[in-house]
Structures are given as C-alpha cells and as structure tokens.
There are 2 protein chains.
Amino acid sequence: MNKEDFFIEQFSKQTKFIGDDGAVIKDLVYSSDAFFENVHFKKEWMSLKQIAAKAMLVNISDAIAMNARPLYALLTVAIPKDYTQSDLRKLANGFKKVAKEYNIQIIGGDTISNEKLDISITIISKTNNPIYRSGARIGDLVCYTGDLGTCKKDLKKLFKGKKISSKSKFIKPKLKAEFFYEISKYINASLDISDGLFFELQRVSKASKVGFKFFEKIDENIGTSGEEYELLFTFPKKHLEKIMSAAKKHKVPLNIFAKTIKGSFETTFKNHHF
Amino acid sequence: MNKEDFFIEQFSKQTKFIGDDGAVIKDLVYSSDAFFENVHFKKEWMSLKQIAAKAMLVNISDAIAMNARPLYALLTVAIPKDYTQSDLRKLANGFKKVAKEYNIQIIGGDTISNEKLDISITIISKTNNPIYRSGARIGDLVCYTGDLGTCKKDLKKLFKGKKISSKSKFIKPKLKAEFFYEISKYINASLDISDGLFFELQRVSKASKVGFKFFEKIDENIGTSGEEYELLFTFPKKHLEKIMSAAKKHKVPLNIFAKTIKGSFETTFKNHHF
C-alpha cells in the first residue's frame, strides 16, 4: 500500500464520509484538492494564470462527478517570496476567471509565504442527488467522456522540455458540467479520471463490489493517462438512448467500453503523479 | 502592503465574506488555515503528533473566535517521501486526538507526496450568533484572555536551538472554547491573536472603525507575540460582571486593557511569521 493510501486509511475506518470525490453532508458536498509546485506542475510548464485556473478546475471536477454545483471556494495559497505584485495579480486572475465561469464565490482561505507555489482549495457544492462510486449495479454499462491518453503524451513532452499546446487538457481540463448534470438522474456511479482510467475502475470495483467485462482491450496509454478530468460513470442499459442523445446535444464524445459483472477489478499499473 | 495582503485584496473587493477568521454562510462558518513546515514550524521543534494537533487547534481557534462550534474538518496533507508508516500513524493520531476532543468529524481532504510536511485544514463550524471583527462599538471594553508574550519568548529559544516545555502554548495552544461560548451573547467583536495583539487591534480598528484608549502602556513583548491563540474581544461595560464571573468559573485569566474610542489604531510593528 502506498503512503497516501495508508495515511487515508487511518481516518477512513472511523467515518462514512471518506472514499468519494467529495464528502456529502445534507445537501452540501465538500471537496479539497492540493495543487502543488513540483508535485502537480512545474512552473516552466504553465503561466500563473493557467496554474490557478487548473487548481480550480480539478476541484470543480470533483463536484461535478458527485453531481453537485459548486457554490463557494476557500483558497489556501503558499506564495514564493520572489513573486511580484504583477505575478500575484496574474495568479488571482486565474482563480477569479474560473470562479466567474462557474458562478463560484471565493469566500476565504489563507495566504502564506513559502519556497514554492502550493495551492489547496476547498470547494463547497450543492446537490439534490449525490452520485457515489459505490452505486454501480451488475449489468450497468460503463462509460467515459472525451478521449483519454493525450494528457500522458503531453506530460511526456513536458518532461522532455518540449512545448505543448495551451489548449491541451493537461493545461486546461475540459469539464463536462452541463452534460453531466442533465444525465445525472440516469447514473448509478461516477467519479472523475484524475489517476488514470484503470485506477479509477479499481476504485469503482472496490466501492461498488463489481467487476468489468471489457468490450475491447484497453490500451495501456489510455488506461494509465492521469490528470484527464474526464468523467467515468455507470448506468442501467435502459437509459442508453437518453444519455446518447444528451451527449449529442452537448457535443460530448462517449466511450461505452465495458459492462459491470460479478467479480472485482484490480489494475497492475501503479497510481502515480509525476 | 505585504504580498499576502496584496493577494487577498485581489479578492476582497468582490466579496463580503473575506475579512474575518471565517466566512459565514447561513448558520455555517468556513475557515481555512495553512500550517507549513519552515513557515509555521520546524520539524526539530515538535513531534509529528504535536504538529498535527497544533494544525487542528489553530483552525479551531478561528471557529471559536467567530462563536462557532466546529463540526467537520477537511485535511490536506503533503507528506515528505521519507516518512515511515509509523510517522504517518503519529501524524494521524495528532489529528484524531484533537478531532475527538472537539467532537469534530474528519470528512475528507487530500494527501500528496511532497518535499516537506505542509498541512492545510478547512473547518466547518456552526453558529447561531456569529461574532465579527466589525462589531465593536464606541465605549466597549477591550479584553484578551490568558497571558501574552510566552510564545514569542519560546520561539526565540527554539531559534537558538534550545528546548521549550511541551506545555508551552507555542506547542499546544490553550483554547478557551467553553468560556467564550458562554459569554458570546455579551460580545460585540472578537478574533483570535495569531499575529500579535497590536496587529489584531489594528484589524479590529479597521473593521469596526474605532480607536483605543489604553489603560496602561502595553509592552512590546506582549503586543508583538504571535501564535498565542488567545481571544481578543470587546463588549459593553454593562456586561462586565457577567463576563468576570464566567471567567472565574472557567478559570480563564482576563486582561481588560483598553476601551474603544473614536479614531483609529495602527501598529508600527510588522506582522510576521518567523
């Protein structure tokens, strides 16, 4: 077991809240995500505005995957000592741009001086129908949005010192909020793909106690590409047409690649950030 | 203006929520605080359990100062790569001990691998009567709890490589929760003393648009000692006896050192973490 999982296990035995993209309490969902320099990004890879925007988006992605609409954000930002006022303005603009786009109010947080840029965000969202990882039922179809694999490729390029497009999903995740809210009533289980499809499938398997029958072999480059922030979800077959029609309306590519069966699924690949 | 304040200003113009120890939304209070290695502590100074406990306590202190009872916590913990399972257990125990003491449920967060131990906590609290920094009225008495100055002294000792007592407030803040909840109905303005009395008084002055008439000169060592996590509050004179009696009951030393007057107060000392 890796250290992160071991640490989380120290708490998860004592609470029913841990184990999803967010913790649901009444009609609110709470989710926190760290976005740290040299852990999630290197400063040469993205502008300060892009860094702040991505930090927000990866948190909002959690809310969407729980079928919750983000309302408020708390930003804890550790700022390198050498940042200028212009740097700080760019950083703030990244947070504000995404907050505006998703109608989120920034209500507080903490700001400190540090060696590197480390961002922690808590998002408070609202839902009337939270969707959990544990909701998959035997016979569900299993689907992910968009395409997978480009983030892994782009990350490789960055490590080789090459440039990538500012339109790369690694720079700016493409969330599918409105599509997902629309189909949410048909969904049994969902989560976002932050650690790679195989790893997320393992999470669904563990939480829902199901295995998967894959319709085709999934390429390693697709199954292990992290930071994609696409949605992975399962739904009863009878809702297929409604979901396909919503996908068409919102121009969201769908990949229905498996169905849930009795059994379990474990990936042989390791979960890793770079 | 320092960088932290400049950064916060980028957001505070657009929202009414920023400017107190926590953000109040309906009957909930949200507060986030960072507790970072080499910013707020050095690992030689405290055990891992003490570090985790203090990270929780400084956050709970914000809730108390707003007259809110903490309910839930989200922990974002960046863990050095060389930590053993035993280290992680100690760290987790520090969080859990304080959570239990204050009846807080740890509902989630994020765990990542990092160069140093950086903790960000969000606490969700409940209040029926939030107390703000902006509530002070002309003629209020101004008071702080406990004694001030030892944290500055202890911090100096630590920087000289000396040991300090494990009972030092710098290691374990002594919060006055039950006392403060009991007197809260008599209080006009409150906040906790994290950056030193003079700096907190400046915050009250700015938020409440008042100055202070000091009954005696306050020593620099008292006025500039940070990380005290004592309570600073103002109240109408007519409630003095009830507050004194509650202080006696809870064995909380009170220092009534000023009254609020027309005017403003600015400290000439700088706000600084070490």
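**Domain interface and cavities**

1. Between domain 1 and domain 2 of chain A about 2100 Å² is buried, 55% of it given by carbon and sulfur atoms; buried area is the accessible area (1.4 Å probe) that two parts lose on being put together, summed over both. On the domain 1 side, A:Trp45, A:Lys54 and A:Ile64 lose the most area to domain 2 of chain A, together 29% of what that side buries.

2. This is a predicted model, in which local features need pLDDT of at least 70 and side-chain atom pairs count only at pLDDT 80 or more, while totals for chains, interfaces and linings use all residues. Residues are numbered from 1 along each chain as its sequence is written, chains are lettered from A and ligands numbered from 1 in the order in which they are written, and side-chain values use heavy atoms, with hydrogens and water left out.

3. Chain A is assigned domain 1 (17-126) and domain 2 (133-261), with bounds that come from an automatic or database domain assignment. Three salt bridges are found across this interface, a salt bridge being a side-chain nitrogen of Lys or Arg within 4 Å of a carboxyl oxygen of Asp or Glu.

4. The largest cavity holds about 50 Å³ of space; a cavity is a set of points on a 1 Å grid over the protein atoms alone where a 1.4 Å probe fits but cannot get out, and lining residues have an atom within 4 Å of a point. Grid points are joined across faces, edges and corners, and a volume is the space filled by probe spheres set on the points. Residues from both chains line the largest cavity, among them A:Ser32, A:Ile121, B:Ser32 and B:Leu74.

Definitions and conventions
1 Å grid on protein atoms, 1.4 Å probe; cavity = no way out; pocket = protein on both sides within 12 Å on 5 of 7 lines; lining within 4 Å.
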